[in-house]
Amino acid sequence: PMRQVEPPKKVAAAAAVYDEDDDIDLFGSDEEDDKEAARLREERLRQYAEKKAKKPALVAKSSILLDVKPWDDETDMAQLEACVRSVQLDGLTWGASKLVPVGYGIRKLQIQCVVEDDKVGTDMLEEEITKFEEHVQSVDIAAFNKI
């Protein structure tokens, strides 16, 4: 035989207790906490901005290989290289060079340089080199690579 069981009264009592605690929001936030969090966030953003300002900006550089062609085979190539290297600009660094045969005894100067993109343009560099008209016939860019 089955007995009749009464529903537990504790559930009704727990519900009554829960109704009393309804005003307390354990997972909510107080206005003071919001103000504190906002102040902390602002302070961290300020610190991040200061840190970012101290960091040097990335400088865009390019590696350029120039072909400097002389007028003829009688051009003094050592003098030609000295003239090219005499071009000094802010953001320009000269590298290695070599003489490459073109034909009929004529050799061209192939010279490497690294430039900062914001400070030195290829047009400016070509103009400066071609100012040595007695030695330089033309200047070509053989290779241009971003670093």
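D67 counts as buried, at 8% relative accessibility, where buried means under 20% relative accessible area, exposed over 50%, and partly exposed in between (1.4 Å probe, protein chains only). The structure is a predicted model, in which local features need pLDDT of at least 70 and side-chain atom pairs count only at pLDDT 80 or more, while totals for chains, interfaces and linings use all residues. Residues are numbered from 1 along each chain as its sequence is written, and side-chain values use heavy atoms, with hydrogens and water left out.

The side chain of D67 forms a salt bridge with that of K108 (3.1 Å, N to O); the term denotes a side-chain nitrogen of Lys or Arg within 4 Å of a carboxyl oxygen of Asp or Glu. Because K108 lies in strand 3 and D67 in strand 1, the pair ties together parts that are 41 residues apart in sequence. Helices (H or I, at least four residues) and strands (E, at least two) are DSSP runs, numbered from the N terminus. K108 also counts as buried, at 16% relative accessibility.

A search of the whole structure finds ten salt bridges. Among them are the following pairs.

| Pair | Distance, N to O |
|---|---|
| K108 and D67 | 3.1 Å |
| R46 and E50 | 3.0 Å |
| E81 and R85 | 3.0 Å |

R46 and E50 stand four residues apart in helix 2 (residues 31–54), a separation of about one helical turn. R46 is partly exposed at 43% relative accessibility, and E50 is partly exposed at 41%. Salt bridges also link E36, R39 and E43 in a network.

In helix 3, E81 and R85 are likewise four residues apart, or about one helical turn. E81 is partly exposed, with a relative accessible area of 22%; R85 is partly exposed, with 28%.

Helix 3 spans residues 77–85, and its buried residues are M77, L80, C83 and V84. Seen down the helix axis, these buried residues fall within an arc of 115°, so they line one face of helix 3; the arc is that of the directions from the helix axis to the C-beta atoms. The elements covering them include strand 1 (61–70), strand 2 (92–103), strand 3 (106–116), helix 4 (122–130) and strand 4 (136–146), with contact meaning heavy atoms within 4.5 Å.

At the start of helix 3, a side-chain oxygen of D76 comes within 3.3 Å of the backbone nitrogen of A78.

How values were computed:
A polar contact is a pair of N or O atoms within 3.5 Å; within protein, one must be able to donate a hydrogen and the other to accept it, and residues adjacent in sequence count only if both atoms are side-chain atoms.
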